[in-house]
Amino acid sequence: MELLKTIVLGVVEGLTEWLPVSSTGHMILVDEFIKLNVSKAFMDMFLVVIQLGAILAVVVLNFERLNPFSSFKSKEEKKQTFQLWYKVIAACMPAAVIGLAFNKFMEEHFMTAQVVAFTLIFYGIMFILVENYNKRRQPRVTKLEKLDYKTALIIGFFQVLSLVPGTSRSGATIIGGILFGASRYVATEFTFFLAIPVMFGASLLKIVKFGWDYTGTELVILAVGMVTAFVVSVLSIKFLLQYIKKNDFKAFGWYRIALGILVLAYFFLVGDPVH
């Protein structure tokens with residue numbers, strides 16, 4: 001039964017980490033109905049480290065593209081790959097600096113059902129408004145290689161918004177990318193790559209904080225969760241990249257609004273599921 005619960009959590013993580021719908025909002029609801037028989041400290045660590053499975057999907061799917069040392073690349077292509085990593089690192093700086101300074105404060109004061117519901121609804125509305133606004137514009141950046149450092153850094157500042165639970169890291173950065181001239185596809189691609197150092201860093205911090213004293217059951221739960229998140233993430237990423245070639249993000253906006261209302265309704269009927 002514990003493994004079945006872990007698989008469900010892995011599926012939810014693999015889906016919601018990449019779709020701009022907020023993994024936090026979903027995990028809050030799922031955790032209410034599916035509780036693992038583990039300590040709170042392990043669960044807090046698990047919900048972050050399970051993301052390693054999700055991020056490995058991006059690495060595997062784009063390994064050749066992200067590898068600046070590939071023998072199959074020309075000198076110019078290797079240079080472009082290094083530049084992509086420089087842009088990713090630059091875009092990570094705002095969230096790294098502000099996140100380390102305020103992460104504990106955010107978790108203590110903003111991890112409530114009301115905040116999660118508000119951000120779900122607010123950014124759902126933002127997606128709809130941004131897409132309506134975007135209809136009248138032509139994207140300035142249609143290839144990832146053409147994304148300049150200034151735009152990459154701006155997207156990085158939008159990532160800071162995701163420190164507030166319920167925002168969705170991918171949702172915030174995609175909105176930022178679209179608003180500042182990137183096509184939906186480029187904004188989504190860059191968001192995926194931006195997640196690599198962010199998630200590895202967050203997972204490492206959680207592992208160090210938790211320590212290395214795991215029971216056999218905890219190791220199995222962690223492994224199953226990560227593998228499930230990896231497999232589902234592969235499918236989720238492929239789906240989203242195909243979806244946005246012909247569709248906008250409005251459907252995700254409406255979905256976020258509906259989920260936010262559901263979180264609010266659950267809060268009023270049952271109580272705050274976060275605490």
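Analyst: In this predicted model, the axes of helix α4 (residues 51-61) and α10 come within 9 Å and cross at roughly 145°. The crossing of these two helices, α4 and α10, is left-handed.

User: Which residues make the contact between α4 and α10, and what are their classes?

Analyst: From α4 the contact draws on Gln51, Leu52, Ile55, Leu56, Val58 and Val59, and from α10 on Phe192, Phe193, Ala195, Ile196, Met199, Phe200 and Ser203. Sorted by class, the contact of α4 with α10 has 11 nonpolar, two polar and no charged residues.

User: What meets what between α4 and α11?

Analyst: On the α4 side there are Leu52, Gly53, Ala54, Leu56, Ala57, Val58, Val60 and Leu61, which meet Met226, Ala229, Phe230, Ser233, Val234, Ile237 and Lys238 in α11. By class, this contact of α4 with α11 has 12 nonpolar, two polar and one charged residues.

User: What makes α6 oblique to α10?

Analyst: The angle between helix α6 (residues 75-109) and helix α10 (residues 184-210) is about 45°, with their axes 9 Å apart. That angle lies between the limits of 35 and 65 degrees, so α6 is oblique to α10. The crossing of α6 and α10 is right-handed, and the contact of α6 with α10 has 13 nonpolar, no polar and three charged residues.

User: How many residues are in the largest nonpolar core, and which have the most contacts inside it?

Analyst: The largest nonpolar core has 60 residues, and those with the most contacts inside it are Trp18, Phe46 and Phe190. The largest share of this core, 10 residues, comes from α10. Apart from it lies another core, of nine residues, among them Ile28, Leu29, Ala113 and Ala117. As general background, nonpolar side chains tend to be buried together in soluble globular proteins.

User: Why is Pro20 called buried?

Analyst: A residue counts as buried when its relative accessible area is under 20%; the value for Pro20 is 0%, so Pro20 is buried. Pro20 lies in the loop between α1 (2-16) and α2 (23-33). Leaving aside neighbours within four places in sequence, Pro20 is in contact with residues including Phe127, Ser168, Gly171 and Arg256.

User: How do you know whether Ser22 and Ser168 are buried or exposed?

Analyst: Again the limit is 20%. Ser22, in the loop between α1 and α2, has a relative accessible area of 1% and is therefore buried. Ser168, in the loop between α8 (149-160) and α9 (169-179), has a value of 8%, so Ser168 is buried.

Key:
Residues numbered from 1 in each chain as written. Predicted model: local features only at pLDDT ≥ 70, side-chain atom pairs only at ≥ 80, totals over all residues. Heavy atoms only, no water. Axes fitted to C-alpha atoms, helices over the stretch in contact; angles between N-to-C directions. Helix = DSSP H or I, 4+ residues; strand = E, 2+ residues; numbered from the N terminus. Parallel < 35°, antiparallel > 145°, perpendicular 65-115°, else oblique. Left-handed = near helix turned anticlockwise from the far one by under 90°. Nonpolar A, V, L, I, M, F, W, Y, C, P; charged D, E, K, R; others polar. Core = buried A, V, L, I, M, F, W, Y, C linked by side-chain atoms within 4.5 Å. Buried < 20%, exposed > 50% of the residue type's maximum accessible area, 1.4 Å probe, protein only. Contact = heavy atoms within 4.5 Å.
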